[in-house]
Amino acid sequence: CEETLSAITSTCASCVCVTLCFGCVQVSPGSSVSEQSLSDSLALLNDQGLGRLLGSWSKLQLLEWVSSEAVTTILHKLIEMRMEQLCRGEYERSFLLEFQEWLELVLGWLAKVFVSEADGDAASLPAAPGGLGVQVVPGGGSVLKQWRCHMHQFFCRIYVNMRIEELFSIIRDFPESKAAIEDLKFCLERTNQRQQLLTSLKSAFESRLLHPGVHTSDILTVYISAIKALRELDPSMVILQVVSQPIRKYLRTREDTVRQIVAGLTGDAEGCTDLASELSRGDPVTLEMQDSDEEGNDPEDWSPDPTDAMPDKMGSKRRSSDIISLLVSIYGSKEIFIDEYRGVLADRLLQQLNYNTAREIRNVELLKLRFGESHMHYCEVMLKDMADSRRINSNIREEESKLSEEEQPPLPLSAIILSSEFWPTLKEEKLELPPVVCQAMEAYTHRYEKLKAMRTLSWKPHLGSVTLDVELEDRVLTNLTVSPIQAATIMYFQEKSSWTLEELSAKLGAPKELVHRKLALWQQQGVLREEAGGHFYVVEKGSSKEKLDRGVMLIDSDEERDSNTATQSEQREEKLQLFWVYVQAMLTNLDTMTLERIHTMLRMFVATGPVVTEMDVNELEAFLQRKVRDHQLIMSGNVYRLPKSN
C-alpha cells in the first residue's frame, strides 16, 4: 500500500503541476492571466482525460494533500505578478472589485481541479459583487471554501505590503490618492499589519522629510496631508498620533515653524491653501491636553483604544482631528501663535499706504472664532488704530487745506498712530532725518495735540515709506516708493552732488554698513555712482541703454523688505534676559546651584507671564551656557556659580 500510495503521489503531483503550469503560470511581465487562458486550461483537462484522473484522486481525498504546496506557490506568484502590473504606483482608482472578479475566475478554475462530481456545481457559481470578503458557496465543498479564504487573505496581505512601501507617496498625493487609502483600510482591517505600517511610515518620515534639506513649509504640507489621509485610514487617530510624533518633535526645533503656520492661516503661504480653508470653517481650537467636561457623560458610547495606541490619558474622542488644533498643540499654547500673528499683522498694517484693512479684519474675525475673543483683543486694538489714523489724517489734512500758502507744511505727511501698549515690539534704529522732514513732523505733532488733548506723538523715523520723484538733467524718475533712510540719503544730495560714506553716516546717524547697503538702490537706478575712496556722485546724464535697462528694475531689488517688528527669537531673548537678575540674586545668596534647582526656583518665584511656563530645562540650559561663554557664570561639576569679583 505504501509503495502504491507513493507512486500515486508522485504521479499526482506531476500531473497537477503540469496542468497548473500549463493553464496559469505561462505569464511573462506585461501579460496577465485572462478568462480565455483559464478556459483553455479547462478544455485541456477534458481533452487529455486528466479531468477524470483528477476526479478519481479527489474521491480518494489525495489530490489536495499532494498538490496543495504547488498550487499555493503558483497562486501566490500569480497574485503578486498581477498586483505589480496593475497596482504599483497607481493611487487614483480602486482595485478591490477588479481583483474580486479575477479571484473568482481563478477559483472557478480550481473548482475543476479539486471539486468532485458531487460538488461540481460550485465551479459554475458567478463572481460575488461588491468588495472582497470570504463568501460561503452553497454546495461548494469545504476544499473550495478553504482555498477562497486563503486567496483572499493572501491578497489582502500582499496588497497591504505593497501600499505600506508606497504610503509616503500616497500621503503626499492625498486627496487624489483617496481610493488607495480606502483599499488599504479595507485590507488592513483583515490583516495583522498595523505595527508594520507604523514602523515603516515613521522610518519614511524620518528619512525623507525630517532633515535640513526640506523647507519648513514642505514639512507642514506633508504633515497636513498626513492628517487628512490617516484620519481616513484610521478614524481612531491612533496611527496619526504615533507616526506624527517625530514630525511634531522636529517642527519644534525649526525657528520658522510658527511663522509658516500663521502665513498659511492668513493665506500668505505659497501653494498652501489648506490652512486658510480650515480657518474659514470657524471651529474653535481645542488642545489635546485640555480637559473636556462633556467626555464621559454617556458610558455606553465608550470604546477602548486599539492596542497600539500610545499610553496616554487621551481617548480617541479626545484626540482632535482638526488640522489647526493639531498644529497649535505642537507647542501646547495658543499664545505663541497669537503673538506671531500680531507680528505678521503689524508688518502688514505698517506697510499699508491706503489704510485698507478689509482682509485683516476678516482674518481677525475668523481667528476670534478659533482662539476666542479675549486672545484677539490686542489685534482688534491694532485694527482700530488704523481706522483712527485714517480719520485723524483726514481731519489734519482738512485743517491744513484752510491755511495760507506760507503756513502750509513743507511736505505732505500722513501717519499711522499706534497704541504702543497693544502693538508688538518694534525694531529700534537710529536715524536723523533732513531738517525739512523734521519740520513737517513737528507741524503734524502740533496739530495732533490740538485735536487730541493731553496726548502727543513719539515718532519712529526709520519706519514707514516715502513716495518721491527724482529729477535729473536728462530724465525724471517718478512715483518711487522707498524706505525713510533711502529717501533721506538722496535728499542730502540736493545740498551737494558728492558725499563720502563717512559724511552720510554722520548726517544720518546710522552705521556705515547700513548706509552703504541702502545706497545700492540708487546705484541700481543709475542715480548715484561710487568712485574710488568711497565717494558717491550724482549721475545727471545717463545713456539711453541705461535708462531702458533700469526702467524695468524693481524699486526694492536691493534687498527683501525687512520686518518692522522684532522676531520671535529676539523678543524671547529679551524676555529671557529678565531672568538673569533672578539668577544672579539666587547665586549670590546660595553660592552654587544645579540647573534643575535654578529652573524650579524660577518657576516658583517668577510666576507671571507666559515665558516661564513655556521655558523648559533645555532652553534655560542654553541660556546659562551663553552666560558661561560670556564669562558671566562659571560651571563646575554640573553646578553654576558667579565668578568672584576682583
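The legends below describe close-up views of a predicted model.

**View 1. The three-stranded open sheet.**
The strands of this open sheet are ordered β3-β5-β4, and their pairing is antiparallel. β3 (498-500) and β4 (528-531) are the edge strands; each has a single partner strand, so one side of each lacks a neighbour in the sheet. On average, neighbouring strands of this sheet are turned by 25° against each other, direction ignored. Strands of a sheet pair through backbone hydrogen bonds, in either a parallel or an antiparallel way.

**View 2. Pairing of β3 with β5, and the helix packed on the sheet.**
β3 and strand β5 (residues 535-538) run antiparallel and are joined by three bridges. S498 has Y537 of β5 as its bridge partner. Helix α21 (residues 501-508) packs on the sheet and touches both β3 and β5. The direction of α21 makes about 85° with that of β3.

β1 and strand β2 (residues 476-482) run antiparallel, with five bridges between them. V466 is found opposite V482 in β2.

**View 3. The aromatic pair F168 and F205.**
The model has seven aromatic pairs. One of them is formed by F168 and F205, with 5.9 Å from centre to centre and 70° between the planes, an edge-to-face arrangement. F168 belongs to helix α7 (residues 167-172) and F205 to helix α9 (residues 194-208), so the pair ties together parts that are 37 residues apart in sequence. Are these two residues buried or exposed? Both F168 and F205 are buried.

**View 4. The aromatic pair Y444 and W459.**
The ring centres of Y444 and W459 are 5.8 Å apart and the ring planes stand at 75°; the pair is therefore edge-to-face, since planes over 60 degrees apart count as such. Y444 is in helix α19 (residues 435-451), while W459 is in the loop between α19 and β1 (466-471). The pair links distant parts of the chain, 15 residues apart. Y444 has a relative accessible area of 2% and is buried. W459, with a relative accessible area of 27%, is partly exposed.

**View 5. An aromatic cluster, and charged ends over rings.**
One aromatic cluster consists of F99, W102, F155 and Y159. The ring of F99 has the charged end of R82 over it, 6.0 Å from the ring centre. In another part of the view set, the charged end of K496 sits over the ring of W499, 4.4 Å from its centre.

**View 6. Cysteines C187 and C156.**
How many disulfides does the model contain? The count is zero. The closest cysteine sulfur to that of C187 belongs to C156, at 4.0 Å, which is too far for a bond, because a disulfide requires sulfur atoms within 2.5 Å. C187 is buried, with 0% relative accessibility. Another cysteine, C438, is partly exposed, with a relative accessible area of 28%.

E166 is located in the loop between α6 (141-165) and α7. Its relative accessibility is 6%, so E166 counts as buried, the limit being under 20%. Leaving aside residues up to four places away in sequence, E166 touches C87, R88, G89 and Y91.

**View 7. The cis peptide bond at P175.**
The peptide bond from F174 to P175 is cis, and its omega is near 10°. P175 lies in the loop between α7 and α8 (178-188).

M454 is a residue other than glycine with a positive phi, near 65°. M454 sits in the loop between α19 and β1, and is exposed, with a relative accessible area of 86%. For D591, also a residue other than glycine, phi is positive and near 70°. D591 is in the loop between α24 (568-590) and β6 (592-594). At 51% relative accessibility, D591 counts as exposed, because exposed means over 50%.

Key
Residues numbered from 1 in each chain as written. Predicted model: local features only at pLDDT ≥ 70, side-chain atom pairs only at ≥ 80, totals over all residues. Heavy atoms only, no water. Pairing = 2+ DSSP bridges. Helix = DSSP H or I, 4+ residues; strand = E, 2+ residues; numbered from the N terminus. Axes fitted to C-alpha atoms, helices over the stretch in contact; angles between N-to-C directions. Contact = heavy atoms within 4.5 Å. Phe/Tyr/Trp six-rings, centres within 6.5 Å; stacked < 30°, edge-to-face > 60°. Buried < 20%, exposed > 50% of the residue type's maximum accessible area, 1.4 Å probe, protein only. Lys NZ or Arg CZ within 6 Å of the ring centre and 35° of its normal.
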